[in-house]
Amino acid sequence: MVYATKADMLKRYEEQELIQLTDYVKPFTEAIVDSVLDQALADASATIDLYLHRYDLPLADIPPALVNMACLLAFYNLNRNRMTDE
């Protein structure tokens, strides 16, 4: 079960930033690469599922806190390979 969607990510982060994080393979499309974003969201959801093992999954209703956490984890995962000025 995926706890967040592309729309949820766009509510929290700038589209241009998501483009930079997902469109890193030539030829560049100048758009969000859905397959990369979907994989980051799936990985985030899998991590959340590890902590929800005592509950019956999939959840009937997804609490907003889980949507937020899935977005945060996906954004972190997208950024982990990014070079910084530091």
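## Loop prolines and cis bonds

Pro 27 sits in the loop between H2 and helix H3 (34-51). The model is predicted. The peptide bond that joins Lys 26 to Pro 27 is cis, with omega at about 0 degrees.

A cis bond also joins Leu 57 and Pro 58. Here too omega is about 0 degrees. Pro 58 belongs to the loop between H3 and H4.

Is Glu 30 buried or exposed? Its relative accessibility is 64%, so Glu 30 counts as exposed, the cut-off for exposed being over 50%.

## The aromatic pair

How many aromatic pairs does the structure hold? There is one. Its members are Tyr 13 and Phe 75, with ring centres 4.0 Å apart. The ring planes stand at 0 degrees, so the pair is stacked. Planes under 30 degrees apart count as stacked.

Which parts of the chain does the pair tie together? Tyr 13 is in the loop between helix H1 (6-12) and helix H2 (15-22). Phe 75 is in helix H4 (residues 64-79). The pair therefore links parts that are 62 residues apart in sequence. Tyr 13 and Phe 75 are both buried.

## H2 against H4

Phe 75 also takes part in a helix contact, that of H2 with H4. Two packed helices are described by the angle between their axes and the distance between the axes. The axes of H2 and H4 come within 9 Å. They cross at roughly 50 degrees. H2 and H4 are therefore oblique to each other. Their crossing is left-handed.

Which residues meet here? From H2 come Glu 17, Leu 18, Leu 21 and Thr 22. From H4 come Phe 75, Leu 78 and Asn 79. By class, the contact has four nonpolar, two polar and one charged residues.

The cut-off for buried is under 20%. What does Asn 77 touch, leaving aside its neighbours within four places in sequence? Its contacts are Ala 40, Asp 43 and Ala 44.

One of these contacts, Asp 43, is found in helix H3. Asp 43 has 32% relative accessibility, so it counts as partly exposed. Asp 43 and Ala 70 are 27 residues apart along the chain. Their C-alpha atoms are separated by 8.9 Å.

## Asp 56 in the H3-H4 loop

Asp 56 lies in the loop between H3 and H4, where Pro 58 is also placed. Asp 56 is at 72% relative accessibility, so it counts as exposed. How far apart are Asp 56 and Ala 42 in space? The distance is 18 Å, C-alpha to C-alpha. In sequence, Asp 56 and Ala 42 are 14 residues apart.

Methods
Residues numbered from 1 in each chain as written. Predicted model: local features only at pLDDT ≥ 70, side-chain atom pairs only at ≥ 80, totals over all residues. Heavy atoms only, no water. Phe/Tyr/Trp six-rings, centres within 6.5 Å; stacked < 30°, edge-to-face > 60°. Helix = DSSP H or I, 4+ residues; strand = E, 2+ residues; numbered from the N terminus. Buried < 20%, exposed > 50% of the residue type's maximum accessible area, 1.4 Å probe, protein only. Axes fitted to C-alpha atoms, helices over the stretch in contact; angles between N-to-C directions. Parallel < 35°, antiparallel > 145°, perpendicular 65-115°, else oblique. Left-handed = near helix turned anticlockwise from the far one by under 90°. Contact = heavy atoms within 4.5 Å. Nonpolar A, V, L, I, M, F, W, Y, C, P; charged D, E, K, R; others polar.
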